[in-house]
Amino acid sequence: MIYREAGDFKTSYAADNQTFPLRGDRLAYYLAVIFALGVVPFFINDYWANAIVIPFLIYTIAALGLNILIGYCGQLSLGTGAFMATGAYAAFKLTTAFPSLNIIFVIILAGVVTAGVGVAFGLPSLRIKGFYLAVATLAAQFFLIWLYTRTPWFFNYSPTGMISMPTRELFGYPVTGASATAVSGYLLCAVFLIASAWLARNLTRGTLGRQWMAIRDMDIAAEIIGVNPLRAKLSAFAVSSFLVGISGALFFTVYLGAAEAGESFGIDKSFLVLFMVIIGGLGSILGSFLGAFLLVVGPVLLKILLVNNLGWPTDVAAHLEIMIIGALIILFLVMEPHGLTALWRTIKEKLRLWPFPH
Amino acid sequence: MMNMTRMAAVLAVTMTAAAPAVAQSLHFPMLNYRTGPFGPNGMAFADGYQDYLTLINERDGGIGGVPIRMTECETAYNTERGVECYQGIRGDSPLVIQPLSTGITYQLIPRTMEDQVPMHTMGYGRTSAVNGEVFNWTFNYPGTYWDGASVIINYLLEENDGSLEGKKIVLLYHNSAYGREPIPTLTRLAEHHGYELITIGVDSPGQEQGNQWLQIRRERPDYVTMWGWGVMNAVAIQEAANIRFPMENFIGVWWSGSEQDVRPAGAGAHGYKSLAMHGTGRDYPIYDDIQEYVIDRGLAAGTGDEVGTVLYSRGMYASMLAVEAAKKAQEIHGVEEITPAMMRDGMANLVITEELMEELGLPGFGPAFEVTCQNHGGTGEAMIQQWDAESGTWSLITDWIAPNRDLIMEMVMEDSLAYAAENNIEPQCLERSGG
């Protein structure tokens with residue numbers, strides 16, 4: 001009764017084609033953005049920002065990037081961790097080589113560098129498909145991490161191979177390094193996430209996105225109707241790696257502050273982001289948010305509940321946490337193989353008919 | 001579109017209660033790892049750390065009459081979890097942070113500096129934190145990786161009548177910030193002493209080392225040194241036994257010399273050596289008290305089966321040094337309820353003498369040392385211990401061996417000043433805190 005299209009009239013094609021055709025959705029979206037940018041910064045504390053919200057925002061960007069590649073273009077990739085590392089090391093090299101360069105440009109340029117690397121490793125996708133492509137991107141994962149840990153130039157010859165982020169300011173406020181406040185880091189990540197989601201949503205709605213989906217659904221048919229597979233696949237790799245690179249750069253600059261390729265961007269990162277995409281929902285922007293939420297925020301909330309609120313021993317809680325999250329993943333996938341976003345879609349359908357289900 | 005996530009976030013906010021600041025207690029947080037690939041090692045250390053603090057509470061009623069409040073946070077040796085743990089405790093006036101992970105240490109060095117919380121990385125972490133003028137809030141006494149590397153070389157020099165000319169030494173290292181730490185020292189020392197250094201990395205966690213040992217077999221080194229942790233140690237010792245590498249020429253750092261590391265290789269591990277930064281075993285008077293006040297009262301941490309092992313001893317040692325620093329801080333400031341800033345003063349002026357160790361029930365357990373602003377790293381002395389597979393015990397085969405401190409201090413100055421320049425730090429000693 002509250003949530004439906006009846007009475008929501010469109011008088012132009014532009015209005016009919018907008019991202020959120022339903023007024024309810026649109027309102028919710030605007031409210032969420034206003035809440036994220038206008039309300040949260042006044043209430044967020046250090047713990048919430050640095051331990052929960054910032055990683056959630058950053059992983060969501062990574063999941064968005066991977067979702068473009070896997071969910072929209074159908075190219076399986078296991079190289080996400082390495083591409084995040086590329087973003088992180090690019091940001092490190094750029095910001096130490098040009099200390100006066102604005103951090104926003106550093107992060108965007110890190111994304112561009114990653115896009116280039118992503119395209120290079122996307123080339124095999126023109127010849128191989130499916131699981132074989134996954135193996136090729138797995139090679140990217142191992143090769144890039146090996147490169148970043150063994151080549152001293154990448155970590156500025158530091159004796160341990162760790163890269164550390166110096167303090168950088170934006171509009172006079174430090175956003176990276178230890179003196180950065182929770183709010184500044186949060187705002188930077190939130191702005192990048194909103195921009196990334198906007199970019200991803202609009203790209204996937206347009207010509208490019210339709211080409212990707214055509215390739216995903218049946219590449220031979222797509223080629224016959226005039227989609228250039230080279231352009232479509234490589235552009236998917238480029239956009240995907242760009243977003244993943246941005247998330248890697250933010251992960252290092254804002255969140256961790258010091259990182260090391262093997263430890264922070266290992267194969268487990270690739271799998272983590274892949275699971276986010278699968279659990280959230282392939283080919284869905286909202287799915288990336290939901291998947292990241294379940295896998296990043298879920299464990300921390302469980303920990304807070306079990307250890308801080310119930311006072312359980314930390315090791316028992318840590319083991320339980322793994323079991324509960326694992327069980328949740330299986331449960332969700334059994335109940336809804338298309339991910340959390342499909343669950344949300346079902347709820348929406350029901351809401352539209354409510355309270356007259358027949 | 002995002003309303004579901006927001007709703008969940010709001011729910012979560014209401015679910016959490018902020019940790020209340022309890023008055024009249026000294027907060028000693030514990031960043032432990034009892035799970036994950038390094039859990040078996042982390043568990044022993046955590047038990048020792050906690051048991052000693054429990055002992056102080058039970059026997060002495062706390063430090064200077066103020067009870068110790070312990071909080072535990074599980075990091076699973078994961079840097080992201082470590083950051084989360086630190087964020088959770090930093091507002092709760094933690095007296096000293098001991099992350100037991102070089103990776104987490106690197107994350108926390110700038111953060112603890114900013115928040116003015118002292119951090120003690122005993123025998124791990126960033127070696128150049130020895131320079132207390134740059135790293136005001138980070139301490140790594142009584143020894144560092146660079147000291148450890150130098151002690152091993154000095155020991156080998158002694159074994160070889162003062163010359164390592166033409167010898168071949170392999171460094172088998174955990175391919176992480178931790179494992180790479182000794183490389184610069186060993187490289188410099190190679191120039192001095194004329195041995196050939198071959199570095200071979202093992203990716204974490206290190207279950208698969210077939211290639212590395214094939215390479216070692218091909219190179220036929222005179223000695224193998226190891227910077228390993230967790231399962232990597234056990235696998236390396238097993239592999240060395242498999243290729244019949246003479247065990248007495250295989251020397252690990254202090255993190256590669258615990259019971260868990262040698263037991264899996266059985267008799268093959270007999271003769272394996274490692275550095276020891278402290279004594280091991282239950283032959284110290286302190287264990288009578290631990291038995292009486294902690295174990296017999298059912299207060300032992302974990303399952304209690306780690307008591308007296310190498311890593312348990314290390315946890316206990318770390319805990320003992322923290323308690324002594326707190327006592328020192330109370331003495332300097334004349335108040336019982338110290339703040340993290342006062343604790344820093346206590347750590348920066350800590351003096352450990354042989355008499356004090358004896359008084360604490362740990363005679364000869366650790367080296368005597370003095371912390372100063374210019375030297376947060378103690379003396380860097382260590383002993384060599386050797387594994388006896390038949391009796392299943394470690395025995396100390398040398399006295400304290402001193403490292404080549406001149407060279408190390410030179411390297412420390414280079415690295416720490418570079419850090420200071422990168423981060424706009426003016427090197428200076430901190431004044432004592434007012435309060």
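Predicted model: local features only at pLDDT ≥ 70, side-chain atom pairs only at ≥ 80, totals over all residues.
**Entry: where the chains meet**

I began with the contact between the chains, which takes 43 residues from chain A and 44 residues from chain B. Which elements of chain A give two or more residues to the side that touches chain B? I found α2 (23-43), α3 (46-72), α11 (261-264), α13 (285-309) and α14 (314-335) of chain A. The largest share of that side comes from α13(A), with 10 residues. I also looked up the residue types there: 24 are nonpolar, 14 are polar and five are charged.

**Entry: a closer look at α2(A)**

With 21 residues at 1.5 Å a residue, α2(A) should span 30 Å, and its end C-alpha atoms are 28 Å apart, which agrees. Where does α2(A) bend? I located the bend at F35(A), and its angle is about 40 degrees.

Next I turned to helix α8 (residues 207-217) and helix α10 (residues 229-256), both of chain A. Their axes are 9 Å apart, and the helices pack at an angle of about 105 degrees. Angles of 65 to 115 degrees count as roughly perpendicular, so that is what α8(A) is to α10(A).

Which residues meet here? From α8(A) I noted L208(A), Q211(A), W212(A) and I215(A). Their partners in α10(A) are P229(A), A232(A), K233(A), S235(A) and A236(A). Sorted by type, the residues of this contact are six nonpolar, two polar and one charged.

Methods. Residues numbered from 1 in each chain as written. Chains lettered and ligands numbered in written order. Contact = placed C-beta atoms within 7 Å. Helix = DSSP H or I, 4+ residues; strand = E, 2+ residues; numbered from the N terminus. Nonpolar A, V, L, I, M, F, W, Y, C, P; charged D, E, K, R; others polar. Axes fitted to C-alpha atoms, helices over the stretch in contact; angles between N-to-C directions. Parallel < 35°, antiparallel > 145°, perpendicular 65-115°, else oblique. Expected span 1.5 Å × (residues − 1). Bend = angle between axes of the 7 residues up to and from the residue.
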